[in-house]
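Welcome! Take a look at the chain below, and then let us walk through its sheet and helices together.

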Amino acid sequence: MVKVGIPRSLMYYLFFPMWKTFFEELGAEVVVSGPTTKKIMDDGVRACVDEACLALKVYFGHVLSLKDKVDFLFIPRLTSLSRNEYVCPKFGGLPDMIRSSIGGLPRIIDTELNLRRDKNGLLSAAMEIGGYFSTSSAAINLAYKKAVLCQREYSRFLRTGAYPTDILEKNLCDRKRDGSRLQIAVIGHCYNLYDSYINMGLLKKLERAGVSALTVEMMEEEDVNRKAAGISKRMFWYFGRKAVGTALCMLERQNVDGMLYVMAFGCGVDSFVCDYVERLVRNRSDMPFAVITLDEHTGEAGLDTRVEAFADMIRWRHGHEADFSTHGQHIYCDQGTAR
Amino acid sequence: MKLTFPHMGNTYIATKVLLDELGADYVIPPFNNRRALEIGTKYAPELACLPLKINLGNYIQAYGQGADTIMITGGCGPCRFGYYSEIERGILRDAGLEMDVIALEMPDGGPPELFSRIKRVTGGLNACRLAGAVRRAAQTSLLVDELERLTYRTRPRELLRGSTDRIYGNFRNDVLKAKGFEDVKRLIHDTADSLERLETDHTKIPLMVGIVGEIYTTIDSYTNMNIDMKLGNMGIEVHRAVTVSEWVFDHMLKKALHLPCDTAYIEAAKPYLGAMIGGHARETVGNAVLYAKRGFSGIVQIYPLGCMPEIVAQSILPSVERDHNIPILTLIIDEMTGEAGYMTRLEAFLDVLERRSEDVYAKL
């Protein structure tokens, strides 16, 4: 059987069920790289240019660990996943970057996925990708339909509060969501949030600190889009729209105790989106807001401290409603006039 | 309303002509300088690209001179530049500066919304006057880029080191005092005359180096530490494919009028980078290939830290280097780049280029 390799990184967390179904329906065997390890990260850091974001370096590591075990590597060119939006330049150039940086690669399926102006972009891409495995358009079409159904089911499951890794790693667990836990919105790219090596087990740390995380994947698409459409200039990044829309939805909910933005050093999109979301949240509310920046230097103690301090600070605020802060004003009001 | 705009290389000259022809009241911020970058770095997100930081510095320095409205262009991604206006608006508001930001781009609201923005800049919408002003500004950008190309030819060949720099430096300052298209055009022609009359070494055949990369850092001399001047003064003739006039004519005007654009760089980039991924990544890779085919001795890629498209281009350029046997140096700029380290790398790179060309002559 023909083997197709899918690196366990980047959009794996969002779209794996769809592509697994698609390839298996067409008679291929899907091989996924193992969970991120130190070796994978180190190999990736060495193969990739220094300036790339962490997730990209880890992706390179996964490709290296997978390339000799498969006949095809599935590295689509993700130009756009949604109307009038882009994902990020690196996603658009990913297959080219891989080809120029890594030798001894098997055949790469680098079909472009571009839904920016063409709502049938996914179907046409699927027909092209399917062509590597079957000459029957009918069979490819059928595989596509089943894949889309599977993906819809997966998204629905995520909206109930499961993490992608619960399903992808077959680790369904009954996550405690009782009232005693703090409800914190955790906004971050899926590849930073759900890869527990990259984020040093952040989600588990949050759980241990008595926090229930509310992520972008748990939101209803219509609510997020409605809110995101209300800002003065439309965000033209897929994740940017989701982050801003999610943040605005969270501001409206009564029971959200705080917001955490998880970004990666060197992420161009996050450098702007995080700033925009932070200004939005701080100007419209007094919701506690913190930013965690990840990079390939491990400093787990620092991460522990920040997570615990953030949760403690929120609980302290709840318990001391009558105390007035000596600071008294939002930090941005105190910035003063510029010279 | 007192307008201002960000600095990017010599764009201030064409913008000045535009605003003079429209009779607008404006302030040109001080040329990019250390202080502007410091101010901008203080207010901008840490990981924002350098052009945002230095532009913020421009606006805040212009605010100190009475400016209250910023005029910039925009975009629709994936490059962050398209969102500069929004980020800048938020930063300036939260810093307590009363400055309006007008983004001249095609908004979702379509042409009517764009016209209303243009009206705010021009104070009325006399289509004839506007068209005339735009035409003259576009012509100015062409003339200025031609002048700059002339300096790239005279600098490596001049007999008295520093002559080109002196004449060109005077021009950049004198043009601030000129008013309107005719004045500026005359000054450009006078400067070109002075440069052409310089005593040069006609027998010299300088090495040719191509400059590629992100448009702002390749065009703006302060940001790229005057790399074109430095290379020129070291006897190298530089060439920069991506210029403002090329951007205005090819990308904006020709595309809007559905005329065929120059696609040589797209074809050249195809084997290496098959799609438009944002910014000038495809230009960087494509022009690198074209320079190699034209027999250039080396290529320098310059970009600001974090520039997403250029990071993709950087990871692809080693293949171009290998396939076309041409050395490529990458220089990354941020607010902490030290000039000495930069110069060392440049000098070492030039040593490599000189030695390679000697080897070629030795074999002949």
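Buried here means under 20% relative accessible area, exposed over 50%, and partly exposed in between (1.4 Å probe, protein chains only). Helices (H or I, at least four residues) and strands (E, at least two) are DSSP runs, numbered from the N terminus. This is a predicted model, in which local features need pLDDT of at least 70, side-chain atom pairs count only at pLDDT 80 or more, and totals for chains, interfaces and linings use all residues. Residues are numbered from 1 along each chain as its sequence is written.

Let us begin with the sheet. Four strands of chain A form an open sheet in the order E2-E1-E3-E5, with parallel pairing; two strands pair if DSSP finds at least two bridges between them. Strand E2 (29-32) and E5 of chain A each have a single partner strand and stand at the edges, so one side of each is left without a neighbour in the sheet. From one strand to the next, the twist averages 30°. Gly5(A) has Leu73(A) in E3(A) as its bridge partner.

Angles run from 0 to 180 degrees between N-to-C directions, and axes are lines fitted to C-alpha atoms, for helices over the stretch in contact.

| Helix | Strands touched or crossed | Angle |
|---|---|---|
| H1(A) | E1, E2, E3 and E5 of chain A | about 155° with E2(A) |

Now for helix H6 (residues 121-130) of chain A: its buried residues include Gly121(A), Leu122(A), Ala125(A) and Ile129(A). The buried residues of H6(A) fall within an arc of 160° seen down its axis, so they line one face of the helix; the arc is that of the directions from the helix axis to the C-beta atoms. Among the elements covering them are helix H1 (12-25) and helix H7 (137-159) of chain A.

Technical notes
Chains are lettered from A and ligands numbered from 1 in the order in which they are written. Side-chain values use heavy atoms; hydrogens and water are left out. Contact means heavy atoms within 4.5 Å.
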